[in-house]
Amino acid sequence: MQIFPCPFCGPRDETEFTFATEAGKTRPEPAKDVSAEAWSDYLVTNVNPRGATREVWLHQTCGEFFVMERDTVTHAVTGSNAARGGGA
Amino acid sequence: MTKRYSAFGLFREGLRGHSGWQPAWRTPTPKARYDVIIVGGGGQGLATAYYLAKNHGITNVAVIEKGWLGGGNTGRNTTTIRSNYFYPESVALYDFALKLYEGLSRELNYNIMLSQRGVVTVSHSDAEMEIAARIVNAMQINGTDAELLSREGVIEKAPLLNQSPEARYPIFGGVWQGRAGVARHDAVAWGYARAADAAGVDIIQNCEVAGFIVENGRCVGVETSQGAIRADHTALCVAGHSGVLAAKAGFQLPIRSYSLQAMVSEPVKPCLDTVVLYLGTGTYLFQSDKGEIVVGGGIDRVPSYAQRGNPPVQQAILSGMLEMFPSFGQLKMLRQWAGVVDVVPDSSPIIGPSPLAGLLLNCGWGTGGFKSIPAGGWLTAHLIAKGEHHDISRPFDLERFATGRLIDEAAGSGIAH
Ligand SMILES: Cc1cc2nc3c(=O)[nH]c(=O)nc-3n(C[C@H](O)[C@H](O)[C@H](O)COP(=O)(O)OP(=O)(O)OC[C@H]3O[C@@H](n4cnc5c(N)ncnc54)[C@H](O)[C@@H]3O)c2cc1C
Ligand SMILES: [Zn+2]
């Protein structure tokens, strides 16, 4: 089992966490001007990087979303920050 | 010239100490240009090359593989073949593949060891039985074989299943597809490779595609570890690595890469002659021709390019197996492995043009692209040769994510990849 660091609760078992999305996506606005392509880009397309990445994760136990920096090949975690205050 | 395999040839080689076999395909040096380049020497890529030659007479083709043939998911999967999907578009695709599989050993002169032992998907409540009936109806309307099984019907197919009234996932009945089954995965890759090579296709192994040559907004070839290779058309058949290659071509895809793992036990006496999947546990298993119990389940919970699989999911798969077959608690597990699969939001593949002209996509097969290798290859070859979709591949175009015409098999047939 891998241990993931929740910025609020500290190190916890990986099974307590759910992957949410890649960090850095901004919802296109205003809704009425957003094309189908732009909306689909926002909803479903991904960088899907091989290597270092920033992702939004949910710690189910405390209910907080946070940003985790991780490597998708080695699974090494290099950062874990609260999502509040932007930066996601 | 490729020698045809035959019973007589096998007998003759038996007498001369097997000294007369020849390599099943050549090891050519890449040419500077081809009509078509296929990136990825898994089943999908090799089948595409074979059908380009066979159906369209296009033989100036290179398959470029960074490792060895079938070393990706095609050699790592659990070999289940079926077409028990919900939407007509999906059944048209997967049943076409199944029909091609049914004639493939003969066609390729290569024994792919197809065994149509059937698949039973087991339901555990009255509500799940209604879903099972809905799927059976959909399959029958779509023209494939399906039968609704009672509890007794399921137990007859797999008598070792947990029949206890205390079972956490009791058997209520299930969906049966009798034409479904398994085939030898390496043999599918090798059979297509040998037949494509015999038709003149260059199969280039140990050659990694590092980037694309783009001129006037069109892909006109690839940069590889063995130099630049040019072609009028390039097709991406790289499964879990689609995101990596798409980034090099300058676009993003609706794909995320995950590890998917499987395990096999020591070989034991014949005790299970069908493929069983539990809706409740998500675990599925069957007995291999060697006697091993082959076990698989859902994808890992963490996006990953690590080809190893993570322990919590391994635990879930094995506890699922014990729930289904308590007697398998005595089995020694021999091996565990994983592949990197490309997961799409609607659990259906992507076949069609990419955002870069001259570059075609065959990807997004997720956890289910082995069963579809003959159809995926056939349809990708059609796209390249004709410059337009075949009726069966049209619904699987990338544009569906913008138009909203998703083929959501996770919701339809409960297939989670
Ligand atoms: C554990 C497991 C169980 C599965 N079980 C089933 C099942 O029971 N039934 C089913 O239908 N499907 C199953 N699948 C899914 C199935 O294996 C895949 O969908 C299918 O093999 C995809 O075929 P492919 O040819 O596209 O991919 P692959 O066989 O992965 O081929 C892609 C190839 O591209 C190569 N490549 C990648 N990057 C580059 C590059 N830059 N340059 C050159 N080459 C490159 C790779 O080395 C690889 O050989 C399973 C998968 C796994 C991992
Ligand atoms: Zn927490």
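Biologist: What area do chain B and chain A bury between them, and how much of it is on carbon and sulfur atoms?

Modeller: This is a predicted model. Chain B and chain A bury about 2100 Å² between them, with 50% of it on carbon and sulfur atoms. In chain B, the residues that lose the most area to chain A are B:Arg256, B:Arg301 and B:Tyr305. Together they make up 29% of what that side buries.

Biologist: How many residues of each chain are in contact?

Modeller: On chain B there are 24 residues in contact, and on chain A 26.

Biologist: Why is the pair B:Arg256 and A:Glu22 called a salt bridge?

Modeller: The closest N and O atoms of B:Arg256 and A:Glu22 are 3.8 Å apart. The cut-off is 4 Å between a side-chain nitrogen of Lys or Arg and a carboxyl oxygen of Asp or Glu, so the pair qualifies. The count between chain B and chain A is one salt bridge.

Biologist: Which elements of chain B supply at least two residues each to the side that touches chain A?

Modeller: They are α8 (242-249), β12, β15 (293-303), α9 (311-324) and α11 (400-403). The residues of that side divide into 14 nonpolar, seven polar and three charged.

Biologist: Now the ligand. What makes the pair B:Thr78 and ligand 1 a polar contact?

Modeller: A polar side-chain atom of B:Thr78 lies 2.8 Å from an oxygen atom of ligand 1. The limit for a pair of N or O atoms is 3.5 Å, so this pair counts.

Biologist: Which backbone atoms can be set against that limit, and at what distances from ligand 1?

Modeller: A backbone N or O atom of B:Lys66 lies 3.1 Å from a nitrogen atom of ligand 1. For B:Phe370, a backbone N or O atom lies 3.0 Å from an oxygen atom of the ligand.

Biologist: How much of the accessible area of ligand 1 does the protein cover?

Modeller: Of the 1000 Å² that ligand 1 has on its own, the protein covers 97%.

Biologist: Which elements of chain B give two or more residues to the shell around ligand 1?

Modeller: They are α2 (43-56), β12 (256-265) and β16 (333-343). The most comes from β12(B), with three residues.

Biologist: How many residues surround ligand 1, and which are the closest?

Modeller: There are 38, and the closest are B:Glu65, B:Asn73, B:Thr74, B:Thr78 and B:Lys371. The shell divides into 14 nonpolar, 19 polar and five charged residues.

Biologist: What pattern does chain A follow along its sequence?

Modeller: Chain A reads β-β-β-α-β-β-β. That is one helix and six strands. The C-alpha trace of chain A spans about 45 × 25 × 20 Å along its principal axes.

Biologist: Is the peptide bond from A:Glu29 to A:Pro30 cis or trans?

Modeller: Cis, with omega near -10°. A:Pro30 sits in the loop between β3 (17-22) and α1 (36-44) of chain A.

Biologist: What phi does B:Asn216 have?

Modeller: Phi of B:Asn216 is positive, about 50°, although the residue is not a glycine. B:Asn216 is in the loop between β9 (209-215) and β10 (218-224) of chain B.

How values were computed: Residues numbered from 1 in each chain as written. Chains lettered and ligands numbered in written order. Predicted model: local features only at pLDDT ≥ 70, side-chain atom pairs only at ≥ 80, totals over all residues. Heavy atoms only, no water. Near = heavy atom within 4 Å. Polar contact = N/O pair within 3.5 Å; in protein donor to acceptor, adjacent residues only side chain to side chain. Areas by Shrake-Rupley, 256 points an atom, 1.4 Å probe, with all protein chains shown as cover. Helix = DSSP H or I, 4+ residues; strand = E, 2+ residues; numbered from the N terminus. Nonpolar A, V, L, I, M, F, W, Y, C, P; charged D, E, K, R; others polar. Contact = heavy atoms within 4.5 Å. Buried area = accessible area lost by both parts, 1.4 Å probe.
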